[in-house]
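Here's a quick tour for anyone meeting this protein fold for the first time. Have a look at the sequence and the model, then read on.

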Amino acid sequence: MKKALSDKSPKIPVVILAGFLGSGKTTLLQQWLQWSLDAGMKPAVVMNEVGDVNLDGQLLPEDVAMTELLNGCICCSIRGDFSLKLYELVQSERPDIIYIECTGIAQPMELVDSITEISLYSDVVLNHIVTLADASHLAAMLDEGEKPNRKLMNLLQEQVRAAQLILVNKADRVNEAQLEAVQRELRAWNAEADMLVTERAAIDRSRWLDAVQTGDAPAEQKAKPDCTSRPHAHDKVTVWTRAIPQAVDSERFERWLLGQPSNVYRAKGIVTFTDTTKRYMFQYAYRATEFVPIMPQGEVEDVIVMIGEQMDVAELERSLRDVCQ
């Protein structure tokens with residue numbers, strides 16, 4: 001009898017807070033941590049600073065577990081440290097939710113890749129990416145009298161492009177015409193994400209629930225949120241995770257990977273084949289696959305993680321089920 005595709009255990013949702021320097025990430029984090037505590041959840045935080053001192057961390061509640069990553073950016077120079085620290089945080093604290101506050105120069109998509117890799121052997125899943133855009137900063141960059149720095153503009157575009165929720169923060173520091181120009185520019189970078197205009201990163205509590213909630217029940221009713229791998233319907237960049245319940249034919253599985261549509265950017269995971277005695281770690285990117293034999297330590301389930309934009313989850317479910325028959 002074939003086993004049904006299912007997620008066997010609850011996952012710990014991860015929420016990324018991105019945005020350029022001074023955009024209001026720590027202010028937002030303070031509010032979301034308090035709401036998490038009020039809901040009876042156990043939050044944890046990963047904070048990244050490019051310098052050797054984390055001053056923002058002093059603003060957080062003392063009873064919240066926090067891991068600091070200093071002297072580098074978690075999406076590049078200390079990416080390996082990030083993976084290790086996140087894994088250690090999960091094992092030692094077993095939080096209900098993890099917030100990652102990126103340094104202002106980080107590109108969230110690089111973190112997406114790291115988190116999906118960690119999800120292969122740890123109980124975490126990327127749930128939401130929130131990007132804060134400083135309205136006054138962007139308005140100045142878009143002003144005709146100031147030539148934008150191309151490298152900086154590209155960084156801001158990448159931060160916005162990855163988001164499911166964009167906060168146009170510090171709106172009180174610009175006039176109406178400037179605010180409209182900033183919103184038009186942000187929409188050109190990311191047409192699908194939800195966008196809110198804010199002051200001091202203040203949003204309605206229901207939008208926090210949208211970002212942290214992973215199942216159908218409200219977060220307040222869950223001591224440990226039940227995380228499914230179902231991405232939100234409006235997400236631009238989505239991560240889809242599923243267990244592979246049994247050994248599969250190697251050629252059939254590889255054909256399935258290579259047949260994914262262009263909006264599936266990457267896939268990785270662990271798989272067992274019916275036509276070999278070895279288990280494999282696999283990678284898929286840019287219409288190419290790679291399979292490496294592995295001998296995992298401990299109990300590691302076969303699993304697949306996909307990253308893409310506007311992925312057809314129903315079709316992924318159906319086609320994977322066919323491969324596993």
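In helix H4 (residues 135-142), Ala 135, Leu 138, Ala 139 and Met 141 are buried, where buried means under 20% relative accessible area, exposed over 50% and partly exposed in between, using a 1.4 Å probe and protein chains only. Looking down the axis of H4, you'd find these buried residues within an arc of 160°, so they line one face of the helix. That arc is taken from the directions running from the helix axis to the C-beta atoms. What do the buried residues of H4 pack against? Their partners are strand S5 (124-134), helix H5 (150-161), strand S6 (165-169) and helix H6 (176-189), with contact meaning heavy atoms within 4.5 Å. Helices (H or I, at least four residues) and strands (E, at least two) are DSSP runs, numbered from the N terminus.

A word on the source: this is a predicted model, where local features need pLDDT of at least 70 and side-chain atom pairs count only at pLDDT 80 or more, while totals for chains, interfaces and linings use all residues. Residues are numbered from 1 along each chain as its sequence is written, and side-chain values use heavy atoms, leaving out hydrogens and water.

Glu 185 is partly exposed, at 25% relative accessible area.

Next come two helix pairs. The axes are lines fitted to C-alpha atoms over the stretch in contact, and angles run from 0 to 180 degrees between N-to-C directions.

| Helix pair | Angle | Axis separation |
|---|---|---|
| H8 (250-258) and H9 (313-323) | about 160° | 10 Å |
| H1 (25-38) and H7 (205-212) | about 80° | 11 Å |

The angle of about 160° makes H8 roughly antiparallel to H9; angles under 35 degrees count as roughly parallel, over 145 as roughly antiparallel, 65 to 115 as roughly perpendicular and the rest as oblique. On the H8 side, Arg 252, Phe 253 and Trp 256 meet Leu 316, Ser 319, Leu 320, Asp 322 and Val 323 of H9.

H1 and H7, at about 80°, are therefore roughly perpendicular to each other. Trp 32, Trp 35 and Ser 36 of H1 touch Arg 205, Trp 208 and Ala 211 of H7.

Finally, Asp 312 sits in the loop between strand S12 (303-309) and H9. Asp 312 is partly exposed, with a relative accessible area of 48%.
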